[in-house]
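Here is a brief report on one model. Keep the sequence and the 3D view open while reading.

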Amino acid sequence: MTAADVRPQVARHAHYGALQFAPMTVEEIDAVVEIENAVYSHPWTRGNFVDSLYSGYQAQTLRDASNQLLGYFLVMLAVEEAHLLNISVAAAHQHKGLGRMLLDQSTAVGRRHAMRTMLLEVRESNTHAIKVYKRYGFSEIGRRKNYYPAANNAREGAIVMSLPL
Ligand SMILES: CC(C)(COP(=O)(O)OP(=O)(O)OC[C@H]1O[C@@H](n2cnc3c(N)ncnc32)[C@H](O)[C@@H]1OP(=O)(O)O)[C@@H](O)C(=O)NCCC(=O)NCCS
C-alpha cells in the first residue's frame, strides 16, 4: 500500500461539489451492500466484500459532503494488470458523471501501482455500463460465455474489456 491508498482524497463535481474518496472499511459494508442489492440482479454478498477487504484489494467509497455514500469500486492488482471487480453508483445518483469519477479514481490507483492495463467484465445486457466504459476508452478484447448467473437458472455472457493505463 502507498500513502495515497489510505489517505482520503477530495474530488470536485459540478453538481455535488466536494466529494471524498476514502478506503472502504468493514464498518461501511452494510451501507455498501444496501446499494449493491439495489443496483444488481445478482449482487455481491456481505461476505464477498469482507473477503475482498481481507484479501487486500484496493477498495474505495465515494461520499458527499454530508457523508452520504454515493458509490464504490474494488480493484484487484496483479502483475501489471489491474482488474476492476466491482464499480457501482447508488441508483438515484447514476447518469450524473459519478461512474466516470469512479473510473478516474480506480485507474489512478492502477497507474500508481505501475499497472499497464485495466481489465473488467460486464454483462452483455448491461448497455449503460458498456456505453460508459467505451466512452471512457475501454475496448472489447473478448467474451466469456455463460459467465454470469441470470434469471430462471439461465446464464449470461460477459464482455471482457481492457483499457491501457
Ligand atoms: C455502470 C455505472 C457504474 C455507471 O455509473 P454512472 O454514474 O451511471 O455513469 P456516468 O454518469 O458517469 O456516465 C456517464 C454519463 O453521464 C453523463 N455525465 C457525465 N458528467 C455529467 C455531469 N456532470 N452531469 C450530468 N451528466 C453527466 C455523460 O454524458 C454520460 O451520459 P451519456 O453516456 O448518456 O452521454 C452505474 O450506472 C451503476 O452503478 N450501474 C449499476 C451497477 C453496474 O452495472 N455496474 C457495472 C458492472 S460491470
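In which sense do strand β1 and strand β2 pair, and over how many bridges? The pairing is antiparallel, and it runs over 5 bridges. The model is predicted.

## The β1-β2 hairpin

Strand β1 covers residues 9-13, and strand β2 covers residues 17-23. The two are joined by a hairpin through 3 residues. Within the pair, Arg 12 sits opposite Ala 18 of β2.

## Helix α4

Helix α4 spans residues 98-112 and has 15 residues. Its end C-alpha atoms are 21 Å apart.

Which residues of α4 are buried? They are Leu 98, Gly 99, Met 101, Leu 102, Leu 103, Gln 105, Ser 106, Val 109 and Gly 110. Just after the helix, Ala 114 adopts a positive phi of about 65 degrees.

## The annotated positions

UniProt, in an unreviewed entry, assigns the feature "active site" to Glu 121 and Tyr 133. The annotation may be inferred rather than shown by experiment.

Glu 121 belongs to strand β6, residues 117-123. Glu 121 has 17 C-beta neighbours inside 10 Å, so it counts as partly exposed. Leaving aside residues up to four places away in sequence, Glu 121 touches Arg 144, Tyr 147, Ala 158 and Val 160.

Tyr 133 is in helix α5, residues 127-136. Is Tyr 133 buried or exposed? Tyr 133 counts as buried, because 24 C-beta neighbours lie inside 10 Å. With residues up to four places away in sequence again left out, Tyr 133 touches Leu 120, Val 122, Phe 138 and Met 161.

## Met 161

Met 161 is part of strand β8, residues 155-164. Why does Met 161 count as buried? It has 22 C-beta neighbours inside 10 Å, and the cut-off for buried is 20 or more.

What does Met 161 touch, not counting residues up to four places away in sequence? The contacts are Leu 120, Val 122, Tyr 133, Phe 138, Ser 139, Glu 140 and Ile 141.

Arg 143 is 18 residues from Met 161 along the chain. The C-alpha atoms of Arg 143 and Met 161 are separated by 8.8 Å.

How values were computed. Residues are numbered from 1 along each chain as its sequence is written. This is a predicted model: local features need pLDDT of at least 70, side-chain atom pairs count only at pLDDT 80 or more; totals for chains, interfaces and linings use all residues. Two strands pair if DSSP finds at least two bridges between them. Helices (H or I, at least four residues) and strands (E, at least two) are DSSP runs, numbered from the N terminus. A residue is buried if 20 or more other C-beta atoms lie within 10 Å of its own, exposed if 12 or fewer, and partly exposed in between; C-beta atoms are placed from the backbone. Two residues are in contact if their C-beta atoms, placed from the backbone, lie within 7 Å. The expected span of a helix is 1.5 Å times one less than its number of residues.
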